[in-house]
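Here is a quick tour for anyone opening this structure for the first time. Keep the 3D view at hand and follow along, heading by heading.

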Amino acid sequence: WDPPVVTVTFAPIPEVYPADLAKEMTRSLDTAITQINAAAPGLSLRRVSKSQPAHILLYLQAIRAGGAIRGTGYPEMDGIPIGAAQIQVFWDGDQSLTDAAIVFAADIPIDQAGPIMLEELTQAMGLMTDIRNSYYETRSVFSEDSNTVTKLGVQDRAALRFHYPAR
């Protein structure tokens, strides 16, 4: 991301999205922003109100894992089956990130909402690769096979610092 401040907000949340999960996702967003900002001195993520435009738009959709994403307006996402969440980043001709969209399913277990939010928002920083290795299941938000890591791991923070050094 090139802008000095990268903004993030929720798209309007459907009334049928589970209220307790929506509340936890909202809390988890604030926690994830705090962790990412602490790890990346050259990046400033800021949550804005739903009425403001944002670089990163979060969709809480009333679909279950395996269901098709719909209604985002992004042809790259709509129609694609979702797991717990799905991310799409966009960039310009200079390969600079310009926008991102993250969709979250409605059947995410409450105790996994924080780890999933942290992983997806961290991936929205351009760090898109998951890691499939049991060593990382308790150490990295990028673990493909675990949604239990609640804090950025040592290597997660190092990757963010490398990509977003102090300006």
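## The cavity

By class, three nonpolar, four polar and one charged residues make up the lining of the largest cavity. Ala, Val, Leu, Ile, Met, Phe, Trp, Tyr, Cys and Pro count here as nonpolar, Asp, Glu, Lys and Arg as charged, and the others, Gly among them, as polar. Before going further, note that this is a predicted model: local features need pLDDT of at least 70, side-chain atom pairs count only at pLDDT 80 or more, and totals for chains, interfaces and linings use all residues. Residues are numbered from 1 along each chain as its sequence is written, and side-chain values use heavy atoms, with hydrogens and water left out.

Which residues line the largest cavity? They are P115, E119, S140, V141, S146, N147, T148 and V149. A cavity, on a 1 Å grid over the protein atoms alone, is a set of points where a 1.4 Å probe fits but cannot get out, and lining residues have an atom within 4 Å of a point. Searching the whole structure turns up one cavity of 30 Å³ or more, and the space in the largest cavity comes to about 40 Å³. Volume here is the space filled by probe spheres set on the points, with grid points joined across faces, edges and corners.

## The pocket

Now for the largest pocket, with a volume of about 230 Å³. Unlike a cavity, a pocket is an open set of points, with protein on both sides within 12 Å along at least five of seven lines. Its lining holds 13 residues, and A85, E119, E120, D130 and E144 lie nearest the centre. By class, that lining splits into four nonpolar, five polar and four charged residues.

Strand 4 and helix 2 each give at least two residues to the lining of the largest pocket. Helix 2 supplies the largest share, four residues. Helices (H or I, at least four residues) and strands (E, at least two) are DSSP runs, numbered from the N terminus.

D130 is one of the residues nearest the centre of the largest pocket. You'll find D130 in the loop between helix 2 (110–123) and helix 3 (154–163). Why is D130 called partly exposed? Because its relative accessible area is 30%, and the labels run like this: buried is under 20%, exposed is over 50%, and partly exposed is in between (1.4 Å probe, protein chains only). Leaving out residues up to four places away in sequence, D130 touches E119, Q123, F142 and E144, where contact means heavy atoms within 4.5 Å. The side chains of D130 and Q123 are joined by a polar contact of 2.8 Å. That term covers a pair of N or O atoms within 3.5 Å; within protein, one must be able to donate a hydrogen and the other to accept it, and residues adjacent in sequence count only if both atoms are side-chain atoms. S143 is 13 residues from D130 along the chain, and 5.8 Å separates their C-alpha atoms.

T122 sits in helix 2. Is T122 buried or exposed? It counts as buried, because its relative accessibility is 0%. Not counting residues up to four places away in sequence, T122 touches I36, L127, V141, F142, L152 and L160.

## Strand 5 and its partners

Strand 5 is mostly covered, with six of its eight residues buried. Strand 4 (residues 85–91) runs antiparallel to strand 5 (residues 97–104), and seven bridges join the two. Strands pair if DSSP finds at least two bridges between them. Opposite I87 is I102 in strand 5, while Q86 faces V103 in strand 5.

Strands 4 and 5 make a hairpin with five residues between them. Q95 lies in that loop, and its phi is positive, about 65 degrees, although Q95 is not a glycine. Q95 is exposed, because its relative accessible area is 57%.

## Q61

Q61 is in the loop between strand 3 and strand 4. Q61 is buried, because its relative accessible area is 8%. A polar atom of the Q61 side chain lies 2.3 Å from the backbone oxygen of R70. Setting aside neighbours within four places in sequence, the contacts of Q61 include Y17, I69, G71, V103 and F104.
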